[in-house]
Every structure is written in C-alpha cells, then in structure tokens.
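Reader: I'd like to learn how to read a protein model. Could you walk me through this one?

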Amino acid sequence: MATILPTFLALGGNALRVTWAGMAGGDTGAPFACNLQRAKTAMIRGTIVGAVTIEGNNGGGAFLTLTDPQGTPISYAVAATEEVLEGVAVIRPAVAAGGGASVTVDLIVRP
C-alpha cells in the first residue's frame with residue numbers, strides 16, 4: 001500500500017494531464033490540487049483487480065468517491081473513461097486492496 005506520485009504533462013490550451021502510473025492493489029494516488037480546474041476527465045486503464053475509484057475532498061477529512069454527470073459513483077472494475085462532476089479542492093485515484101493490479105489513471109484537467 002503505497003502513495004503514488006503523479007507526473008504532469010502540459011497539453012496546450014491550458015489543459016494538463018496528470019498521471020498516476022504503476023498503481024497496485026491498496027495504493028492511492030498523491031492528491032492533486034485541482035480547485036481551479038472546472039473540467040476533469042479520468043481514464044482508468046491496466047490490469048484492474050477489484051475496483052479503482054476517483055476520490056476527492058475539500059482540504060480536510062476523509063476522501064469521498066466522486067461521481068459522473070449522471071450522479072453515478074466513479075468506481076470501475078474495468079478500463080473506463082469518465083467525466084468528473086464535482087469541483088473539489090483535491091482529487092486522487094485509489095485502487096482496492098488485492099494482488100495482481102497494475103493500474104494507470106490519467107486525469108485531464110482544463111480551466
């Protein structure tokens with residue numbers, strides 16, 4: 001159970017790709033401060049064992065599972081791409097505990 005640091009790539013037009021790579025079962029991503037970013041799209045890929053959730057909070061307390069525009073929690077056991085509804089202060093991915101997972105989560109953010 002490790003905290004995975006993200007890498008960053010500027011995409012132009014003020015868009016940014018935040019990537020947490022090589023996540024295993026029980027890992028969480030280091031939180032990314034995205035409070036000034038309105039549009040957020042998460043892509044989950046790799047070998048998923050259990051589920052991968054996209055979580056956020058507003059600067060304190062527990063992380064909660066975020067939702068898509070239809071109000072469905074973003075928690076997938078298969079590769080997926082989903083828009084994030086909430087405008088939270090920080091966001092991170094979390095991989096459910098279990099062996100064999102090797103997950104990469106990309107988050108595209110735009111102002």
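Author: Let's begin with charged pairs: the structure holds two salt bridges. A salt bridge here is a side-chain nitrogen of Lys or Arg within 4 Å of a carboxyl oxygen of Asp or Glu. Before we go on, this is a predicted model, where local features need pLDDT of at least 70, side-chain atom pairs count only at pLDDT 80 or more, and totals for chains, interfaces and linings use all residues. Residues are numbered from 1 along each chain as its sequence is written, and side-chain values use heavy atoms, with hydrogens and water left out.

Reader: What does Arg45 form a salt bridge with?

Author: The general idea is that side chains of opposite charge can pair when their charged atoms come close. In this model Arg45 pairs with Asp106, and their closest N and O atoms are 2.8 Å apart. That ties together distant parts of the chain, as Arg45 is in strand β6 and Asp106 in strand β12, 61 residues apart. Strands (E, at least two residues) are DSSP runs, numbered from the N terminus.

Reader: Is Asp106 buried or exposed?

Author: Buried means under 20% relative accessible area, exposed means over 50%, and partly exposed is in between (1.4 Å probe, protein chains only). Asp106 has a relative accessible area of 7%, so it is buried. Arg45, at 37%, counts as partly exposed.

Reader: And which residue does Arg92 form a salt bridge with?

Author: That one is Glu55, again with closest N and O atoms 2.8 Å apart. Arg92 sits in strand β11 and Glu55 in strand β7, 37 residues apart, another link between distant parts of the chain. Both Arg92 and Glu55 are buried.

Reader: Now the sheet. What is the order of its five strands?

Author: Two strands pair if DSSP finds at least two bridges between them. Here an open sheet runs β2-β3-β12-β6-β10, with antiparallel pairing. β2 (7-12) and β10 (80-83) are at the edges with a single partner strand each, so one side of each has no neighbour in the sheet. From one strand to the next, the twist averages 20°; such angles run from 0 to 180 degrees between N-to-C directions, with axes fitted as lines to C-alpha atoms.

Reader: How many bridges join the strands along that order?

Author: Start at β2: five bridges join β2 to β3, and Phe8 stands opposite Val18 in β3. These two strands form a hairpin with two residues between them, and Gly13 in the turn has a positive phi of about 60°. Next, six bridges join β3 to β12, with Met23 opposite Val103 in β12.

Reader: Which residues of β10 are on its covered face, and which on the uncovered one?

Author: In a regular strand the side chains alternate between the two faces of the sheet. For β10, Ala80 and Glu82 make up the covered face, and Thr81 and Glu83 the uncovered one.

Reader: How many residues does the largest nonpolar core have?

Author: A nonpolar core is a set of buried Ala, Val, Leu, Ile, Met, Phe, Trp, Tyr and Cys residues joined through side-chain atoms within 4.5 Å. The largest one here has 22 residues, and those with the most contacts inside it are Trp20, Phe32, Ile54, Ile91, Val103 and Leu107. β3 (15-23), β6, β7 (52-57), β11 (90-95) and β12 (102-110) each supply at least two of its residues. The largest share, four residues, comes from β12.

Reader: Which residues is Phe32 in contact with?

Author: Contact means heavy atoms within 4.5 Å. Leaving aside neighbours within four places in sequence, Phe32 has contacts that include Phe8, Trp20, Ile91 and Leu107.

Reader: One last stop: what does the side chain of Asn57 reach?

Author: A polar contact is a pair of N or O atoms within 3.5 Å; within protein, one must be able to donate a hydrogen and the other to accept it, and residues adjacent in sequence count only if both atoms are side-chain atoms. The Asn57 side chain reaches the backbone nitrogen of Gly59 at 2.8 Å, and one of its polar atoms lies 3.3 Å from the backbone oxygen of Gly61. Asn57 belongs to strand β7 and is buried, at 8% relative accessible area.
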